[in-house]
Amino acid sequence: MKDPHVEARFQEIDAAILKAKSSPAGDIHLQAFLASFLVVLICGCYEDSVEHLIAIRAGKAGDAEVQNFISDTVDQSFRSPKFENIKRLIGRFSEAYRKALETRVDEKALSALASIINHRDGIAHGKPIAVTIGEAEAYHKRSKPIFEALENILT
């Protein structure tokens with residue numbers, strides 16, 4: 001990632017994964033709670049990264065009020081980093097942006113992002129924890145190209 005803010009958020013995820021992996025392997029309940037925490041953290045970092053990249057793009061207009069309006073509007077309306085939501089959001093800037101994102105992202109990345117979000121939603125609605133630390137890590141690694149492509153398009 002090129003943007004320092006986005007890079008810091010992805011490093012936060014990587015550090016949390018590393019810390020979770022160093023927890024006692026024999027405590028399966030702790031492992032489940034840590035995996036749950038990871039998918040929630042990952043979603044939050046992804047959402048924040050999208051909002052930040054949109055704000056950076058809005059700043060290219062050179063109008064502080066427009067940038068503030070766009071940032072506030074996105075902050076209030078963008079609630080889940082689902083790929084469809086990201087595409088719809090950047091499509092509001094330009095149909096070419098939306099198409100560029102679609103062509104730069106493969107099915108493996110889309111599936112990984114969907115898995116993260118589905119696990120987060122399940123956890124939020126009290127369903128049994130069905131993700132491991134290793135799976136959360138793998139999903140994160142496989143979904144990262146989505147955010148790299150988004151960053152390249154918007155910055």
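Which residues touch the most other members of the largest nonpolar core?

1. **Core.** The answer is Tyr46, Val50, Leu101, Phe147 and Leu150, in a core of 42 residues. A nonpolar core here is a set of buried Ala, Val, Leu, Ile, Met, Phe, Trp, Tyr and Cys residues joined through side-chain atoms within 4.5 Å. Buried means under 20% relative accessible area, exposed means over 50%, and partly exposed is in between (1.4 Å probe, protein chains only). Two or more residues come from each of α1 (4-21), α2, α4, α5, α6 (107-124) and α7. Helix α2 gives the largest share, 11 residues. In general, nonpolar side chains of soluble globular proteins tend to be buried together.

2. **Basis.** This is a predicted model: local features need pLDDT of at least 70 and side-chain atom pairs count only at pLDDT 80 or more, while totals for chains, interfaces and linings use all residues. Residues are numbered from 1 along each chain as its sequence is written, and side-chain values use heavy atoms, with hydrogens and water left out. Helices are DSSP runs (H or I, at least four residues), numbered from the N terminus.

3. **Tyr46.** Contact means heavy atoms within 4.5 Å. Leaving aside neighbours within four places in sequence, Tyr46 is in contact with Phe10, Ile13, Pro81, Leu113, Ile116, His140, Ser143 and Phe147.

4. **Helix α5, buried side.** In α5 (residues 95-104), the buried residues are Tyr97, Arg98, Ala100 and Leu101. They span an arc of only 165° around the axis, which puts them on the same side of α5. The arc is that of the directions from the helix axis to the C-beta atoms. Their packing partners are α2 (28-59), α4 (83-91) and α7 (133-154).

5. **Helix α5, other features.** Ala96 and Thr103 are exposed, on the face turned away from the buried side. At the start of α5, a side-chain oxygen of Ser94 comes to within 3.0 Å of the backbone nitrogen of Ala96.

6. **Salt bridges.** A salt bridge is a side-chain nitrogen of Lys or Arg within 4 Å of a carboxyl oxygen of Asp or Glu. The whole structure has 10 of them. One joins Arg79 to Glu47, with the closest N and O atoms 3.8 Å apart. Arg79 lies in the loop between α3 and α4 and Glu47 in helix α2, so the pair ties together parts that are 32 residues apart in sequence. Glu47 counts as buried, at 15% relative accessibility.

7. Asp121 and Arg120 form a salt bridge, with the closest N and O atoms 2.9 Å apart. Asp121 is partly exposed, with a relative accessible area of 25%. Arg120 counts as buried at 15% relative accessibility.

8. **Network.** Salt bridges link Glu84, Lys87, Glu95, Arg98 and Glu102 in a network. Glu102 and Arg98 meet at 2.8 Å, N to O. These two are 4 residues apart in helix α5, about one helical turn. An α-helix has 3.6 residues a turn, so residues three or four places apart point the same way. Glu102 is partly exposed, with a relative accessible area of 32%.

9. **Lys87.** Lys87 sits in helix α4. Its relative accessible area is 10%, and Lys87 is buried. The side chain of Lys87 makes a polar contact with the side chain of Glu102 at 2.8 Å. A polar contact is a pair of N or O atoms within 3.5 Å; within protein, one must be able to donate a hydrogen and the other to accept it, and residues adjacent in sequence count only if both atoms are side-chain atoms. Not counting residues up to four places away in sequence, Lys87 touches Arg98, Leu101 and Glu102.

10. **Asp3.** The side chain of Asp3 reaches the backbone nitrogen of His5 at 2.9 Å. A polar atom of this side chain also lies 3.0 Å from the backbone nitrogen of Val6. Beyond neighbours within four places in sequence, Asp3 is in contact with His52, Leu53, Ile56 and Glu151.
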